[in-house]
Every structure is written in structure tokens, then in C-alpha cells.
Protein chains: 2
Amino acid sequence: MTGWLAIAGLGPGAEALVTPEVTAALAEATDIVGYIPYVARVAAREGLTLHASDNRVELDRARHALEMAANRRRVVVVSSGDPGVFAMAAAVFEAVEAGPADWRDLDIRVLPGITAMLAAAARAGAPLGHDFCAINLSDNLKPWELIEKRLRLAAAADFAMAFYNPRSKARPEGFDRALDVLRDACGDDRPVIFARAVSTPEETLRVVPLTEATPEMADMRTVVIVGSSLTRVIPRDGAPIVYTPRSAPE
Amino acid sequence: MTGWLAIAGLGPGAEALVTPEVTAALAEATDIVGYIPYVARVAAREGLTLHASDNRVELDRARHALEMAANRRRVVVVSSGDPGVFAMAAAVFEAVEAGPADWRDLDIRVLPGITAMLAAAARAGAPLGHDFCAINLSDNLKPWELIEKRLRLAAAADFAMAFYNPRSKARPEGFDRALDVLRDACGDDRPVIFARAVSTPEETLRVVPLTEATPEMADMRTVVIVGSSLTRVIPRDGAPIVYTPRSAPE
């Protein structure tokens, strides 16, 4: 039996949003590797070893998974959402590039999943229905100046914007600065969607104007979407519908 | 029985990439509405009416679906990929906003799917593993000048970029101009991924440097991904791995 490595996206939380491809890979695996709360989403069974680790050890986790696949294990590295969006796929390929040459010949597949911004957008309406960008607001792995530069250029391009990792206990002030930059670059008249833990029992969705957005509305389980200048809010009983039209005027 | 409208993403093509949520909605539907090749992906059965229409009639299709839901039908509007990314969700909400007030009270849900750029990224490695943007290159619904402006700003922001609808028979020259803008704005040293019909039997994947990219490499079934300045290519036997590292240097 040869080993393999699948880097799989579990989607935002609900079982109904896990693709059959991922479910099949989990069923064939001998080993599951990932951050503690994601590994906890995989049911234990005989013959399956769960390797749960804390966050900020992504490269160690990637190397461990690659070593096991090289030793003929059938390994699934699990991410929440999609593994290619601010998640484990890039970490695994960083480890492949820096690792032994024979890791390049391993059977490595990336299995896509429903990424958080698209689950959040679906709940709110269609705020990403026109051109948009996705920015990781954590400055653990890049300088704050680059984040601010990207926010200003994205506003100049009039992209709708989706923000991952808007706020953590370690960086309470970063999102406050991001909101200031956005108010300066976009003006006040933008809807902001705070979508937390979409598709789980803890799901909350909140839509506020950019003027009223505050850092406390986000935590690490929240995706934040800011509309473009064309994004519309349709009021109705209950949560409004937020969508960005397909067309932009001449 | 009350009616409802689900706007569902069928993913890029393979059955294994359709979420159980979407499969369940299709099983409960009385009517399926959509572009001909997408409706063709839904199996016919007794009690299910298939309403297939040509493209460029998205608003008519949306109104028809809303009318049926208002008449207590259980309607699924199908899109390829994710319905919120350059697809039917925005068209439906445009129709809702312009339509009768009681359409706002309908039970309308958006069911996310695996969007083409994430399926393509998964096949290539992890080119969207850092900040990125998604741009629809069709100038049917926006001026070319806005597309060019966004390309230049996205290059200045050093985003990886995913392009939907890069090329059609009606607009053979647009993608050529986009490649010229990118070579001017990014320099030559970027990997470009042409991913066609990912997860279908017609799937092809091609990775070339920006200098060697030509318009003929894309058609309307192709998603094109252009790396950022940090995107890496790992050579190996067979297709190379393309990924963007998680971190950006100070």
C-alpha cells in the first residue's frame, strides 16, 4: 500500500457543507492531522489516529504529515473552510519545498472546501457578486504596513473586501486601525457584514454601516465583509439582504 | 405548503464536489431554473420541472424563479461553482430589489458551492494561500477601463489574482489586453495557471510564465490565476506545484 497526503477543507462547520470528496478521504485515512478544534470535527474510529496540535505550529504539523505519508500512511491534514485560503495547503507546500527531494514525488492532493467568506456571503445575500478581494488581517506573518497598503489599494479599486482573522486577543488594536483606514479610504457609506461561526449553532450575522462598525463586533471566528461603493442593502423584516450588483456603470 | 427559492452552487463539475446541502435542496425541489449546461447536471425525475435558458437572460430567469416561489413552488436556481461569485445570486437579488414588495418576504436561501478559482487553486497547489483578488474579465457588464484600473491596482497591492470569464468568442481581444496590462504592471516573472473544466473529464491544467501566456490558452471554461511576486513554483516530475507562502517579508 502506498501512502498519500490529502489537505482537506472541512467547510465552515455544518456537516451538510462538507463535500463527499472530503468525506471519502476521511473514511480512507489512517491519520488525521490539524489544529485541535478542526481535528475534533472528525469522528474517531478504529484504525484512525488523530494528531491534534495547537495553532502557530503549522510547519511542524506539515512536516509531520509529510513524514507519515512518506512512511506509507494515508494522511488527511484538515483545515476549516478551504485549505487553500489562509490555511494549511500553503504550509504543506512550504514544507515540501524546504524538505527532502523525495517529498515532491508524494501523492499530495488538495481537496477544496466551502471557505468562510463564501459561506458568510451566502447568509448575507451576495455581497461578493462583483469583483472582490480577500485579505488576512493578521499581522503575525506580514507587516502591518502591507495590510494598510492593501486596504487602501483595494478601496481605490472599489473591490468588495473579505477579511479573515480580523481580531485576536494577541492583536486587539489591529482591527480598530483597519476600520479607521477603511473609513478614511472608502467614506462612511458602506455596509459591513460581521458573520460569526456561520453554519454552526453559534452563528450570528450582523450588518452595520461602516460608521457604526466597532472592533468588538469581530473575533477570530468572524469573517468581515465590506461592500464596494455599489453594494446595496435591501431592508426587510429580519436581517436585510446585502448584495453587489453584477454590473458597474460606465 | 409554502414555496421557497434556493440559489445553489453545483461546484465546478464533479459530483463529489456538490455539498450534501445542495443535493438535499435538489431532492426537495419542484422546479430547477438555470443556464442550459447547469440544468443538464440535474437528474430528471417525476414531479421535477427543468427550466433551462440561454445565457445573458439572467434577470428574466431570476424573475421567473421568484414568481414560481411566490406561487408556492420549491425552486432551485442552479449556478456552476458558487452562486455568489459572478453567478445567479446577485441577479436574483437585483430582481428582488426591483420587484414587488412581497418578494422580500419570500424564503430565499443561498447555498454555497466550490467556486472555480478554489477548485483550480487546489489542483495547482495553493496559489491563493495569501491575500488575493477575484476579477471578472468580461466587459459585458462593466467598462474595460474599470477592468484595467483594477488590474493595475491589484498588481500594486501585490495580490495573487483569479480571473473568471477570461475570454469569449464575443470578446477575443480583451484577454490579450489584460495580459499586456499584467506584463506592464507585474513584470514578467509571474506564474500563470490556466485551469480548464476542473474536476470534469475535460480537465486541463497548464502553468506558464507570464511572458509565455497567450490568449489562446483560455476560453470561457477556463479560470486563470496569476501569482503574486512571492508565489513559488516547485518543479517536479509532472505538473509543478504552485503556491503562495503564508508570510510576506518586512
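**Figure 1. The two domains of chain A.** The C-alpha centres of domain 1 of chain A and domain 2 of chain A lie 28 Å apart. Domain 1 spans residues 4-114 and domain 2 spans residues 117-243 of chain A; these bounds come from an automatic or database domain assignment. Where the domains meet, 7 residues of domain 1 of chain A are in contact with 10 residues of domain 2 of chain A (two residues are in contact if their C-beta atoms, placed from the backbone, lie within 7 Å). The side of domain 1 that touches domain 2 in chain A has 6 nonpolar residues, 1 polar and no charged. Here Ala, Val, Leu, Ile, Met, Phe, Trp, Tyr, Cys and Pro count as nonpolar, Asp, Glu, Lys and Arg as charged, and the others, Gly among them, as polar.

The model is predicted: local features need pLDDT of at least 70 and side-chain atom pairs count only at pLDDT 80 or more, whereas totals for chains, interfaces and linings use all residues. Residues are numbered from 1 along each chain as its sequence is written, while chains are lettered from A and ligands numbered from 1 in the order in which they are written.

**Figure 2. The two faces of helix 1 of chain A.** Helix 1 covers residues 20-28 of chain A, and A:Glu21, A:Val22, A:Ala25 and A:Leu26 are buried in it. Seen down the helix axis, these buried residues fall within an arc of 135°, so they line one face of helix 1 of chain A; the arc is that of the directions from the helix axis to the C-beta atoms. An α-helix has 3.6 residues a turn, so residues three or four places apart point the same way. A:Ala27 and A:Glu28, on the other side of helix 1, are exposed. A residue is buried if 20 or more other C-beta atoms lie within 10 Å of its own, exposed if 12 or fewer, and partly exposed in between, with C-beta atoms placed from the backbone. The cover over the buried residues of helix 1 includes strand 1 (4-9), strand 4 (74-79) and strand 5 (108-111) of chain A. Helices (H or I, at least four residues) and strands (E, at least two) are DSSP runs, numbered from the N terminus.

**Figure 3. The surroundings of A:Trp4.** A:Trp4 is placed in strand 1 of chain A. A:Trp4 counts as partly exposed because it has 18 C-beta neighbours inside 10 Å. Leaving aside residues up to four places away in sequence, A:Trp4 touches A:Ala69, A:Arg74 and A:Asp107.

**Figure 4. Strand 2 of chain B and its partners.** In strand 2 (residues 31-35) of chain B, 5 of the 5 residues are buried, so this strand is largely enclosed by the rest of the structure. Strand 2 pairs with strand 3 (residues 49-53) of chain B in the parallel sense over 5 bridges, and B:Val33 has B:His51 as its bridge partner in strand 3. Strand 2 also pairs with strand 4 (residues 74-79) of chain B in the parallel sense, over 4 bridges; B:Ile32 stands opposite B:Val76 there. Two strands pair if DSSP finds at least two bridges between them.

**Figure 5. The meeting of chains A and B.** The contact takes 59 residues from chain B and 59 residues from chain A. Strand 7 (residues 132-136) of chain A and strand 7 (residues 132-136) of chain B run antiparallel and are joined by 3 bridges. A:Cys133 stands opposite B:Cys133 in strand 7 of chain B.
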